[in-house]
Amino acid sequence: MQAVSQCSVCASRAAGGLLRNQTDLSLLRSNTAGLRRGAACMRFISMKPGVQKLGERIDSEHISVAPSSAGRGLHATPFAQQLENLSHDSLIRRAASVVTDSSSTLLSQTSLALINALADYSTAVHTRIAVQRRYLAALGKLTPAEKDSFLEVINGQRAKASDRLHECKRIEVTWINAVDLCKMAAEAAHSSGAEQASITVETNIQVAQSQVGEARKLSADAEKKLAETKVEEIQRMAEYTAFIENGEEHEVHEAYLRED
């Protein structure tokens, strides 16, 4: 009993001096046994692979609630609406709308490129016309160096206009293909029931054709003026040649008279 008392005293001191009777000693023993079992369980758990380590928390509440909330989210959308959104007709209409949008984008870009190319061609032709008319007006008054300079500029403008015309023809092929593609897309949209998409792309075709038509008129006017300038050049050169020939004959006749 004395030894037991000493052990209980030691246990009481280890517990911080809070145990003062036999009931507290029994409580301490039961708690100690519980702590030992808990420590043994923790060691066993820590030895098993893939088990949550100490210090990491698992929110069981979120684990149990998440599936139920997800299930409620799925059932929130009417099943009939899901079937309607995934129907073949709906998917075809959406695809037709995408095709009309893409073809309209291609048409707008090619139209812009063609309009700019036609404008550059018209500018190059008008520049050539202006330089050529200045040259014709100055015939008989130019030095050989000035004449060569004029001819060099005229040839450069002629080559530039030719390059611009080639660029117009190259882009025009792509533009025509874009117009045909838009027409096919409009027909597909109409047959699939996407009436608004069909009307929109048809309107885009009309606008593009109108804008390109205006640019073509400007280039046609420039070509018409160039043709008129060429006719004027032929007439002026014929007059200049005749003037030179008459001048040479006059000089020869005066020289013959002086010899007499």
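Buried means under 20% relative accessible area, exposed means over 50%, and partly exposed lies in between (1.4 Å probe, protein chains only). This is a predicted model, in which local features need pLDDT of at least 70 and side-chain atom pairs count only at pLDDT 80 or more, while totals for chains, interfaces and linings use all residues. Residues are numbered from 1 along each chain as its sequence is written, and side-chain values use heavy atoms, with hydrogens and water left out.

**View 1. Salt bridge between Arg133 and Glu232.** The side chains of Arg133 and Glu232 meet at 3.9 Å, N to O. A salt bridge here is a side-chain nitrogen of Lys or Arg within 4 Å of a carboxyl oxygen of Asp or Glu. Arg133 sits in helix α5 and Glu232 in helix α7 (residues 195–259), so the pair ties together parts that are 99 residues apart in sequence. Helices are DSSP runs (H or I, at least four residues), numbered from the N terminus. Glu232 is partly exposed, with a relative accessible area of 35%. Arg133 is partly exposed too, at 38%. A search of the whole structure finds 3 salt bridges.

**View 2. Salt bridge between Glu172 and Arg216.** Here the N to O distance is 2.4 Å. The pair links distant parts of the chain, with Glu172 in helix α6 and Arg216 in helix α7, 44 residues apart. Glu172 is partly exposed at 25% relative accessible area. For Arg216, also partly exposed, the value is 33%.

**View 3. Salt bridge between Arg170 and Glu167.** The two side chains meet at 2.6 Å, N to O. Both residues belong to helix α6 and lie 3 residues apart, so about one helical turn separates them. Arg170 counts as partly exposed, at 48% relative accessibility. Glu167 is partly exposed as well, at 31%.

**View 4. Helix α5 against helix α6.** Two packed helices are described by the angle between their axes and the distance between the axes. Helix α5 spans residues 88–137 and helix α6 spans residues 144–192. Their axes come within 7 Å and cross at roughly 160°. That makes α5 roughly antiparallel to α6. Axes are lines fitted to C-alpha atoms, for helices over the stretch in contact, and angles run from 0 to 180 degrees between N-to-C directions. Angles over 145 degrees count as roughly antiparallel. The residues of the α5 contact with α6 divide into 30 nonpolar, 10 polar and 10 charged. In this count, Ala, Val, Leu, Ile, Met, Phe, Trp, Tyr, Cys and Pro are nonpolar, Asp, Glu, Lys and Arg are charged, and the others, Gly among them, are polar.

View 5. Ile154 counts as buried, at 5% relative accessibility. Leaving aside neighbours within four places in sequence, Ile154 is in contact with Val131, Gln132 and Tyr135. Contact means heavy atoms within 4.5 Å. The C-alpha atoms of Ile154 and Ile129 are separated by 8.7 Å. Along the chain, Ile154 and Ile129 are 25 residues apart.

View 6. Thr100 is buried, with a relative accessible area of 2%. Thr100 touches Ala185, Ala189, Ala197 and Val201. That list does not count residues up to four places away in sequence.

Definitions and conventions: Helix = DSSP H or I, 4+ residues; strand = E, 2+ residues; numbered from the N terminus. Parallel < 35°, antiparallel > 145°, perpendicular 65-115°, else oblique.
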